[in-house]
Amino acid sequence: MNDHRSSAERWLGTALGKRILNQEKDLVDLALAQVFGPQLLQIGRWGDEGAFLSLSRTRRSALIDSASRHVPCIHSSPEQLAVATHSVDAVLLPHTLERSCAPHQVLREVDRLLVGDGHVIILGLNPTGPMGLRRVLSRKKFPEHCLALIRMRRIEDWLKLLGYEIRGTKRFCFAWPMKGLKAAHLEKIESLGSRCWPVLAGGYMVHAQKRVYGMTPIRPTARSRQRVGTGLAEPTARKMHD
């Protein structure tokens, strides 16, 4: 995953990458405002090492990445996480599924380590939006760090199959991924896009919560014992006369 991380760092250094990252940080900040507990885990570095972890409201936060220096880091594969089962309250996946060759397995690992009612926040690029169109038209893979773009609806379906409740979704980045767009123009396009053509967004965020329903045993009600031979005359003792 080192090659994907280095290509992602280069891409995030471009004007387009910075624009997307800033929008994502604002959205994740709003989502994490609803997430509390002892531990948040971010799987996969995206931007500065503390770009998202600094937004956490949990008491502790950590990053899983192949190389990290300044924040608590766990060196592990996203498909086989070296994390104890049911030990994490929230997981952030910033484009992690797109950079994995086995995104289903990553989600299964996330489900394993999350506590009951735990949260997962997923960032992705929309294959049917401007980012996906540029990927199709580009001579080389765009963005380079993404193995495959995944539709938001598919992410939601995967989560529902695992028993998650979708808490909210956000779409962003409606402007065409090109250079030279002025800030005022970008703001206008983003405002119009969110209201008029949301399905054509360049990126999305999905916030879901794990649901574990316990089984409550139903005790049988006490029943009064029925008398044997109800309604029959009871026999009486007879005296024997000599």
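Q: Which residues of the largest nonpolar core touch the most other members?
A: A nonpolar core is a set of buried Ala, Val, Leu, Ile, Met, Phe, Trp, Tyr and Cys residues joined through side-chain atoms within 4.5 Å, where buried means under 20% relative accessible area, exposed over 50% and partly exposed in between, with a 1.4 Å probe and protein chains only. In soluble globular proteins, nonpolar side chains tend to be buried together. Here the largest core has 30 residues, and W11, V28 and F52 touch the most other members. This is a predicted model, in which local features need pLDDT of at least 70 and side-chain atom pairs count only at pLDDT 80 or more, while totals for chains, interfaces and linings use all residues. Residues are numbered from 1 along each chain as its sequence is written, and side-chain values use heavy atoms, with hydrogens and water left out.

Q: Which helix or strand gives the most to this core?
A: Helices (H or I, at least four residues) and strands (E, at least two) are DSSP runs numbered from the N terminus. At least two core residues come from each of α1 (2–12), α2 (15–32), β4 (88–94) and β5 (114–125), and α2 gives the most, with seven residues. A second, separate core of 26 residues includes L97, L113, M152 and A208.

Q: What does W11 touch, apart from residues up to four places away in sequence?
A: Contact means heavy atoms within 4.5 Å. With those sequence neighbours left out, W11 touches L16, G17, I20, W46, M131, F142, P143 and H145.

Q: How many aromatic pairs does a search of the whole structure find?
A: Rings of Phe, Tyr and Trp (its six-membered ring) pair if their centres lie within 6.5 Å, and planes under 30 degrees apart count as stacked, over 60 as edge-to-face and the rest as tilted. The search finds one aromatic pair, formed by W11 and W46, which is tilted, with 6.3 Å centre to centre and 40° between the planes. The pair links distant parts of the chain, since W11 lies in helix α1 and W46 in the loop between β1 (39–43) and β2 (60–64), 35 residues apart. W11 is buried, with a relative accessible area of 11%, and W46 is also buried, at 1%.

Q: How many salt bridges are there, and which residues are linked with R45 in a network?
A: A salt bridge is a side-chain nitrogen of Lys or Arg within 4 Å of a carboxyl oxygen of Asp or Glu. The count comes to eight. One of them joins E49 and R45 at 3.5 Å, N to O, and both of these residues are buried; a network of salt bridges links E9, R45 and E49.

Q: Where in the chain do D111 and K210 lie?
A: The side chains of D111 and K210 meet in a salt bridge of 3.7 Å, N to O. This pair links distant parts of the chain, with D111 in helix α3 (residues 103–113) and K210 in strand β7 (residues 203–210), 99 residues apart. Both residues are buried.

Q: Why are E156 and R153 separated by about one helical turn?
A: E156 and R153 are separated by about one helical turn because they are three residues apart in helix α5 (residues 152–161). They form a salt bridge, the closest N and O atoms being 3.3 Å apart. E156 counts as buried at 7% relative accessibility, whereas R153 is partly exposed, at 48%.
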